[in-house]
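Thanks for coming, everyone. I would like to walk you through one structure today, so please have a look at it first.

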Amino acid sequence: MTEQPAGEGREATSPTPDGDTATPPRLFAEGSVEERVNRALTMVGSAIAVASISVIGLVLVVGVALRYFMNSSADYATELPTYLFPWLISGGVIAAMGRGGHLAVDFFVARMAPARARVVDIAAWGLSTAVMVVLTVVSLRLLAPLTAQVTPILGWPVVGSFAGFALAVVALTVQCGCRLVSSIRIGPVHAQVTTAGGAA
């Protein structure tokens, strides 16, 4: 292997640079069930996030206009943004997970041999899936008690806002399961790092 100049001892062979949000890494086998499920959930999450931020933005603009131009206010302008905020966060989390945009520290895994990295990935996604299953069960059990609670201003059921979180954990459970299956089928998605002495 040709010797590299000083300061260039490590080079990631990933086809896309870190932080590139335009092209997500290849997370799944082309045309696999996991890929189709992940793509569908990503679209749903994106739609929820866009719809939520659009309504929140519009309501805030209306509220400001009423306050400064008509010396008035609207109850929905005060409470609706708070009510929809969990949906905005949930939609964004689902979309980010679908695109591989979640926080990941793969400094060590990227330097492992492929077989060892695969074992670590399977273990990590297996644990993540198990944790999300527990969160899903807990969140779904909370739906019934929350149906009796209402918001202080509009009197809307609190469960309507909490449902955004419940949807997120259900979607993340499925997405983690898809990543687990993908790790088993095609291996981990990490930039393999090489050094002047060979593969790490």
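**Surface patch and salt bridges**

Y68 is exposed, with a relative accessible area of 64%, where exposed means over 50%, buried under 20% and partly exposed in between, with a 1.4 Å probe and protein chains only. Before I go on, this is a predicted model, in which local features need pLDDT of at least 70 and side-chain atom pairs count only at pLDDT 80 or more, while totals for chains, interfaces and linings use all residues. Residues are numbered from 1 along each chain as its sequence is written, and side-chain values use heavy atoms, with hydrogens and water left out.

Y68 sits in helix α1, residues 33–69, helices being DSSP runs of H or I with at least four residues, numbered from the N terminus. Together with V64, F69 and M70, Y68 makes up a nonpolar surface patch of about 550 Å² accessible area; patch members have over 30% relative accessible area and no salt bridge, and nonpolar side chains are joined within 5 Å, with areas from the Shrake-Rupley method and a 1.4 Å probe.

Turning to charges, how many salt bridges does the structure hold? There are two, defined by a Lys or Arg side-chain nitrogen within 4 Å of an Asp or Glu carboxyl oxygen. In one, E34 pairs with R185, with the closest N and O atoms 2.9 Å apart. That pair links distant parts of the chain, from helix α1 to helix α4 (residues 159–186), 151 residues apart. E34 is buried at 8% relative accessibility, whereas R185 is partly exposed at 49%.

E35 pairs with R39 at 3.5 Å between the closest N and O atoms, and both lie in helix α1, four residues or about one turn apart.

Methods. Patches are made of residues with over 30% relative accessible area and no salt bridge: like charges are joined within 9 Å, nonpolar side chains (Val, Leu, Ile, Met, Phe, Trp, Tyr) within 5 Å. Helices (H or I, at least four residues) and strands (E, at least two) are DSSP runs, numbered from the N terminus.
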